[in-house]
Amino acid sequence: MSEQEEKMITLVDADGNETLYEILFTFESEDYGKAYILLIPAGSEPEEQVDVLAFSFNPDEDGQAKDAELYDIESDEEWDMVEGVLDTFLNDENL
C-alpha cells in the first residue's frame, strides 16, 4: 500500500454508498482517553471550503484507524475540544 493510500479511508453510509476520504490528521486526548480522526473528502483542493468529519476510534497495533472502528462524537464538550484542536491545526503554519 502506498503512503497516499494509507492516508485514505472509505466510509459507507446507511444506504451502502461508499465515499473516499483523506485523513487530515489523528490525535489522542488524555482528557477523554480516546483517539480522534479528522477526515476531508478525497480530492479536495487546499483552498476549497469542505466539511471536516471527526470521529473517535480505537487505534490498531500500528496506531492506525480502520473504518469499522469509527465512533460518533456525542458530547458537546468533546466536540468543543475537537474543534479547538482543528482550529489550532488550521491556524498553525508549522503543522
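This is a short walk through the structure, stop by stop, with something to select at each one.

**Before you start**

You have a predicted model open: local features need pLDDT of at least 70, side-chain atom pairs count only at pLDDT 80 or more, and totals for chains, interfaces and linings use all residues. Residues are numbered from 1 along each chain as its sequence is written, and side-chain values use heavy atoms, with hydrogens and water left out.

**Stop 1: the whole chain**

Colour by secondary structure. The protein chain has two helices and five strands, where helices (H or I, at least four residues) and strands (E, at least two) are DSSP runs numbered from the N terminus. Along the sequence they follow the pattern α-β-β-β-β-β-α. Of the 95 residues, 27% are buried; buried means under 20% relative accessible area, exposed over 50%, and partly exposed in between (1.4 Å probe, protein chains only).

**Stop 2: the sheet**

The five form an open antiparallel sheet in the order S1-S2-S3-S4-S5; two strands pair if DSSP finds at least two bridges between them. S1 and S5 (70-71) sit at the edges with a single partner strand each, so one side of each is left without a neighbour in the sheet. Zoom in on S3 and S4, which pair in the antiparallel sense over five bridges. Select Tyr36 and you will find it opposite Ser56 in S4.

Bring H2 back: this helix lies across S2, S3 and S4 and runs at about 95° to S2. (Axes are lines fitted to C-alpha atoms, for helices over the stretch in contact, and angles run from 0 to 180 degrees between N-to-C directions; contact means heavy atoms within 4.5 Å.)

**Stop 3**

Centre on Leu39 next. Not counting residues up to four places away in sequence, Leu39 touches several residues, among them Ile9, Tyr21, Asp51 and Phe55.

**Stop 3**

Lys34 is in strand S3 (residues 34-41) and Glu78 in helix H2 (residues 76-91), so the pair ties together parts that are 44 residues apart in sequence. Glu78 is buried at 5% relative accessibility, whereas Lys34 is partly exposed at 33%.

**Stop 4: two serines**

Stay close to Lys34 for Ser29. Leaving aside neighbours within four places in sequence, Ser29 is in contact with Lys34, Tyr36 and Met81. Ser29 is found in strand S2 and is buried, with 8% relative accessible area.

Finish at Ser44, in the loop between S3 and S4. Ser44 is buried too, with a relative accessible area of 18%, and its side chain reaches the backbone oxygen of Pro41 at 2.6 Å.

Technical notes: Polar contact = N/O pair within 3.5 Å; in protein donor to acceptor, adjacent residues only side chain to side chain.
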